[in-house]
Amino acid sequence: LLSSAEFHTANVNVRGAQKRQDPFSISSKNRKYKAIIVTFMSGGVDSWNFLVPNSGCKHAGENFDLYGEYANLRAAAALPRGEMLLVNSPNDRARNRQPCTGYGVNPALENIKKLYNDGDAAFIANIGTMVEPLTRDEYEKKKKRYPSSLFGHNTQQRTSKSVHAGTAKKPKGILGRIQEALTEQQNPYAAASYSMNGAQIIFDGKYQPSIIGGSGVETLSDVFNQKQYLKQMLDKESDHGFCEAYSHLLNRSIEDSDHLGGILDSATRKPTHFSGASSSIERQMKNVASVILARGDTNKEREVFYIEYGGFDSHFDALRRGTGTYDRVVSVDKAIKRMEEEMKAEGIWDDVLIVSSSDFGRKLVGNGGGTDHAWGGHYFLAGGAVRGGQILGEYPSRLDETCERNIHNSGGRFIPTSSWGA
């Protein structure tokens, strides 16, 4: 009764004569496998302490102590020079023109720093949600459009997961659109999407993701032998639109989770580089690795994954050694290191891309304990095919209000120079 369409939608459910069909699917042509893994740090990670100016800095062609300005504005929230892991910015490519030649990476990102030096990771400076290119004057005088309800968790998570700010209609999720494009192009791919953290708007679109929990695929328990009756109830399509929408989703949830769960349970190749994984993000990443290793059984050529790790709303907790926020970034770094090792052992590190993201950046100016909500921030990409060892985007050459990206009287909220959609 509690699983019926009558209970959840309309009290009149007219079952049709049409037997429910399996959904449309694309057969694999055994083309080279590729995967994208979005790693979302929920709460608005303080990425001003991910990547810090250190040496060789210039402003308007003159030498300038950009780290000194950073440290003065951040105060107690600043990353000390003695804790930084040093990297170079070559500044020798069209999209790698930064004001400094030397930067410091937060020690919590030890593996990302190594990948950067190995050419397998890159940073993107001052990136965020945008509708169109925007200057400070255009923002303050409202001459151009920008995302609605800036600095709010719910709206900015929705915007960063859709990468479609400014649309009048409810946008589809970016991973949902990617799967649609892969599945519906002239020469379509066998594609699938997977969420490691429940239903997510990043997948909004025609094709729903498989949901995998911390302990693996979440399948419907059958302790009362109720599945046989549910399958009978869902065997025929409904003539009522609302009832059919509900029944279709319930049926696919049961069938797809049983199918994927069976594949992963019987898989002969399982992750070997996640022993002792203790954090939620490491367990989620292990589940991603399990699906990738089973690609021969799922028969997929393209897959997209979403991982979410919370606890980054650091109003009272600077991203420095000894804080909870620091420990959580360490867990992110460890999870990526384990995935790197697993994919290298499998020989497909070049075919996997890891993208970091968050609600928004945080204010450059500390609040005495941590930092508050802002806009632009610094993030990283990692994978064997990434053109790493460089910083993309535009790191500001000044950080006080002489910088045209720093909103007046905002405490260091920077207008992004790069959009997530760029």
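I take buried to mean under 20% relative accessible area. The model I examined is a predicted one.

**Entry: Ile415**

I looked up Ile415 and located this residue in the loop between β16 and β17. Its relative accessibility is 0%, and therefore I record Ile415 as buried. I then listed the contacts of Ile415, leaving out residues up to four places away in sequence. The partners are Asn126, Leu134, Thr135, Arg136, Tyr139, Trp375, Arg405 and Ile407. I also checked the separation between Ile415 and Leu381: the C-alpha atoms are 21 Å apart in space, and the two residues are 34 apart in sequence.

**Entry: largest nonpolar core**

I next turned to the largest nonpolar core, which has 74 residues. Which members touch the most others? They are Ile37 and Phe305. Helix α11, residues 324–346, contributes seven residues, the largest share of this core. For Ile37 I noted the contacts beyond four places in sequence: Met285, Val288, Phe305, Ile307, Met339, Val352, Leu353, Ile354 and Val355.

**Entry: largest pocket**

I recorded a volume of about 1,400 Å³ for the largest pocket. Its lining comprises 42 residues, and Gln208, Pro209, Ser210, Arg252 and Asp256 are the closest to the centre. At least two lining residues come from each of α6 (174–184), β9 (191–195), β10 (210–213), α8 (241–266) and α10 (295–298). By class, I found 19 nonpolar, 14 polar and nine charged residues in the lining of the largest pocket.

**Entry: second largest pocket**

I recorded about 840 Å³ as the volume of the second largest pocket. Of its 29 lining residues, Ile124, Ile127, Leu381, Trp420 and Ala422 are the closest to the centre. Two or more residues of this lining are supplied by each of β2 (34–41), β8 (121–128), α5 (153–162), α6, β14 (352–358), β16 (391–393) and β17 (418–419). I noted that β14 gives the most to the lining of the second largest pocket, with four residues. The classes in this lining are 18 nonpolar, eight polar and three charged.

**Entry: cross-references**

Leu381, whose distance from Ile415 I had looked up, is one of the residues closest to the centre of the second largest pocket.

Note on methods
Residues are numbered from 1 along each chain as its sequence is written. This is a predicted model: local features need pLDDT of at least 70, side-chain atom pairs count only at pLDDT 80 or more; totals for chains, interfaces and linings use all residues. Side-chain values use heavy atoms; hydrogens and water are left out. On a 1 Å grid over the protein atoms alone, a cavity is a set of points where a 1.4 Å probe fits but cannot get out, and a pocket is an open set with protein on both sides within 12 Å along at least five of seven lines; lining residues have an atom within 4 Å of a point. Grid points are joined across faces, edges and corners, and a volume is the space filled by probe spheres set on the points. Ala, Val, Leu, Ile, Met, Phe, Trp, Tyr, Cys and Pro count as nonpolar, Asp, Glu, Lys and Arg as charged, and the others, Gly among them, as polar. A nonpolar core is a set of buried Ala, Val, Leu, Ile, Met, Phe, Trp, Tyr and Cys residues joined through side-chain atoms within 4.5 Å. Buried means under 20% relative accessible area, exposed over 50%, partly exposed in between (1.4 Å probe, protein chains only). Contact means heavy atoms within 4.5 Å.
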